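I am keeping these notes for someone who meets this structure for the first time. Each entry records what I looked up and what I found.

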Amino acid sequence: MAVRIFIDGEAGTTGLQIRERLTGRDDVSLISLGAEERKDTEARRRALNEADLSILCLPDAASIEAVSLIENPDAKVIDASTAFRVDNDWVYGFPELSAGQEEAVRHARFVSNPGCYPTGAIGLIRPLVENSLLPANYPVSVNAISGYSGGGKALIQSMEDTGAADHLSANVFAYGLGLQHKHLPEMQQYSMLEHAPIFQPSVGRYYKGMAVYVPLHLWTLKGGIGAARIHECLSDHYSGHMFADVAPLAEAASLPRLDPEEQNDTNTIRFYVFANEKSGQCVLAATLDNLGKGASGAAVQNMNLMLGLEEGLGLSFRRAA
């Protein structure tokens, strides 16, 4: 019997992408509300309580309201907002985070979907801190670029509509310049860092795709830790995970450029270790589709796990660029 899924906020960018990934699957049945019903609290309450699992693609306040409407003790929830990402009553929906995290997601009732940038940053930092290669008090910096779809409908229109009053003509722009980005709490908590990293995001004039960078000074690390040891740590950590891939050191060394769009239309996150051993410097990088592993793909992956289904149903992966 097909499980009932309700996407609250299905008309938004993430909701539409989740629906696309579920279309054609005979193991799930979508509960869908009409345009007017989506704004009706009682209609949403019924759907949230009828569904076996609801995926909330809403602003923070609306997600909190949606959870308050659920009275069915068996109803499961995945929230794609930032509202519950550092809430101890919710499981963080990054199955590759650490040993046991996949099982935690499988048995969870409430799962908070990770942010797109934190997926890349945490994916690079957590294994190193967890294995004592990187001190928890290391002054981490994270730089990143994303396609403009990550900003939702408003930014998409500003980038694409040349006649709009708020049209943006820049090919690349940085933002979050006040160093108070909403992703910082989860980035710090799940990277096991004592201090919040400096995070500098930017947006490029392309629709989707993301690259996240973490520079490291190897000469500051104890025990002569070099690129090979860091690469080994990442490779061991992600071994056996179908949606995580670590590029060979030789491949990274030969790359003339890194394309943030390389994992588009997949649920893969790919990790790289770039290094100059002579200078004792290293740049870790992750590429992912900000609408895939960074949002809707991750939600479907978590949904599959929570419902006891095959993890990769409805999702694609790519092992190499």
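In which sense do strand β12 and β13 pair, and over how many bridges? I found that strand β12 (residues 269–276) and β13 pair in the antiparallel sense over 7 bridges, where two strands pair if DSSP finds at least two bridges between them. Helices (H or I, at least four residues) and strands (E, at least two) are DSSP runs, numbered from the N terminus.

Before going on, I noted that this is a predicted model, in which local features need pLDDT of at least 70 and side-chain atom pairs count only at pLDDT 80 or more, while totals for chains, interfaces and linings use all residues. Residues are numbered from 1 along each chain as its sequence is written, and side-chain values use heavy atoms, with hydrogens and water left out.

**Entry: around β13**

I stayed with this strand and saw that R270 stands opposite T287 in β13. β12 and β13 form a hairpin with 4 residues between them, and G280 in the turn has a positive phi of about 70°. Strand β10 (residues 210–217) also pairs with β13, in the antiparallel sense and over 8 bridges, with L216 opposite C282 in β13. I then checked burial (buried means under 20% relative accessible area, exposed over 50%, partly exposed in between, with a 1.4 Å probe and protein chains only). Of the 8 residues of strand β13 (residues 281–288), 6 are buried, so the strand is largely enclosed by the rest of the structure.

**Entry: the parallel sheet**

I next followed an open sheet of 6 strands, whose order is β2-β1-β3-β4-β6-β5 and whose pairing is parallel. Its edge strands, each pairing on one side only, are β2 (28–31) and β5 (91–92). β5 pairs with strand β6 (residues 110–112) in the parallel sense over 2 bridges, and V91 stands opposite V111 in β6.

For β3 I looked up both neighbours: β1 and β3 pair in the parallel sense over 4 bridges, and β3 and strand β4 (residues 76–79) pair in the parallel sense over 4 bridges. L53 stands opposite K76 in β4, and I5 stands opposite L53 in β3. In a regular strand the side chains alternate between the two faces of the sheet. Here L53 and I55 point one way from β3, S54 and L56 point the other way, and all are buried.

**Entry: the largest pocket**

What space lies in the largest pocket, and what lines it? I read about 790 Å³ for the space and 38 residues for the lining, of which T14, G150, G151, G152 and K182 lie nearest the centre. Elements that each supply at least two residues of this lining include α1, α5 (116–130) and β7 (141–147).

A pocket, on a 1 Å grid over the protein atoms alone, is an open set of points where a 1.4 Å probe fits, with protein on both sides within 12 Å along at least five of seven lines; lining residues have an atom within 4 Å of a point. Grid points are joined across faces, edges and corners, and a volume is the space filled by probe spheres set on the points.

**Entry: two positive phi values**

S132, although not a glycine, has a positive phi of about 60°; S132 is found in the loop between α5 and β7 and is exposed, with a relative accessible area of 62%. L179 is not a glycine either and has a positive phi of about 60°. L179 has its place in the loop between β8 (172–174) and α7 (184–191) and is partly exposed, with a relative accessible area of 47%.
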